[in-house]
Amino acid sequence: MQQFQLADGGTLAYRDEGRGSVVVLVHGLGASHADWRFQVPALATRYRVIAVDLPGFGDSPAPGRPLQIDDYAAVVEALVDAVSPNAPVAIVGHSMGGAVALQAVLRAPSRYRKLVVANSLPSFQPETLRERLEVAYRRLVMRVLGPARLARLSAYRMFPRADQAALREQVIARGRHNRRQTYLQALSALTRWNAQPHLPTLETPTLLIGAEHDYFDADRVEQYAAALPNGRLHWFAGCRHGLPMEAPEAFNAVLLAFLDA
């Protein structure tokens with residue numbers, strides 16, 4: 001893992017593999033660069049891959065203050081400026097990482113040539129009873145039972161099949177190391193974030209990747225795609241919230257086809 005020094009004195013851990021045009025990978029809430037274990041080798045044959053650990057997750061130290069989604073995007077932007085100062089990069093985000101990636105592109109569209117968002121929305125402000133219950137469930141489990149228990153429950157929700165035991169163990173292993181306060185602060189930041197009004201201004205070529213059995217309704221993802229001037233949507237039938245790990249070969253094929261085009 002590499003270390004990037006932030007302007008506020010903090011450090012950001014990231015994995016740096018391959019050569020060529022840069023592709024930045026941004027993980028979801030409570031995750032780390034390890035969730036891209038199936039994507040990094042595939043992408044690194046054609047691109048320079050930067051898989052970041054957001055502040056407070058994975059190998060990156062906890063920030064000194066609560067961060068908003070725009071703060072996470074600013075951190076990613078600083079790293080992009082350092083690793084690719086002279087050329088736009090592609091950015092790929094999963095779940096909360098999709099929010100961070102979208103916010104990063106909205107902040108500085110000239111720095112990004114393509115955007116890929118998987119298992120994510122343009123706003124995580126709860127709108128339906130299902131969404132309010134999802135947020136309440138995560139807060140309650142993390143506060144009362146802690147990171148290890150939430151990681152185990154999340155792993156079984158994402159990968160319920162018997163043949164997915166290895167994926168569950170990987171999620172449990174990295175999730176138990178989450179910091180309770182950092183996770184809760186990031187969850188609160190996510191539920192306050194809303195980029196929906198800015199979508200019509202986003203000219204960056206964008207690929208949305210959705211799963212049939214995700215945590216949120218399919219029509220919200222379809223509305224996301226419809227609001228983008230230069231967006232497209234690819235659905236994975238039968239899949240859940242952990243698409244990059246659940247269906248890596250098919251996911252990688254879709255991702256590379258878009259990045260290469």
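Predicted model: local features only at pLDDT ≥ 70, side-chain atom pairs only at ≥ 80, totals over all residues.
Val135, Arg138, Arg139, Met142, Arg143 and Val144 in helix α4 meet Arg180, Tyr183, Leu184, Leu187, Ser188 and Thr191 in α7, where contact means heavy atoms within 4.5 Å. Sorted by class, that contact of α4 with α7 has six nonpolar, two polar and four charged residues (Ala, Val, Leu, Ile, Met, Phe, Trp, Tyr, Cys and Pro count as nonpolar, Asp, Glu, Lys and Arg as charged, and the others, Gly among them, as polar).

Numbering starts from 1 along each chain as its sequence is written, and side-chain values use heavy atoms, leaving out hydrogens and water.

Helices (H or I, at least four residues) and strands (E, at least two) are DSSP runs, numbered from the N terminus.

| Pair | Angle |
|---|---|
| α4 (residues 129-144) and α7 (residues 180-192) | about 165° |
| α8 (residues 218-227) and β8 | about 155° |

The α4 and α7 axes lie 10 Å apart.

Now the sheet: eight strands make an open one, ordered β1-β2-β4-β3-β5-β6-β7-β8, with mixed pairing (two strands pair if DSSP finds at least two bridges between them). At the edges sit β1 (2-5) and β8 (231-236), each pairing on one side only. Strands β2 (residues 11-17) and β4 (residues 48-52) run antiparallel, joined by four bridges; Tyr14 has Val52 in β4 as its bridge partner.

Methods
Axes fitted to C-alpha atoms, helices over the stretch in contact; angles between N-to-C directions.
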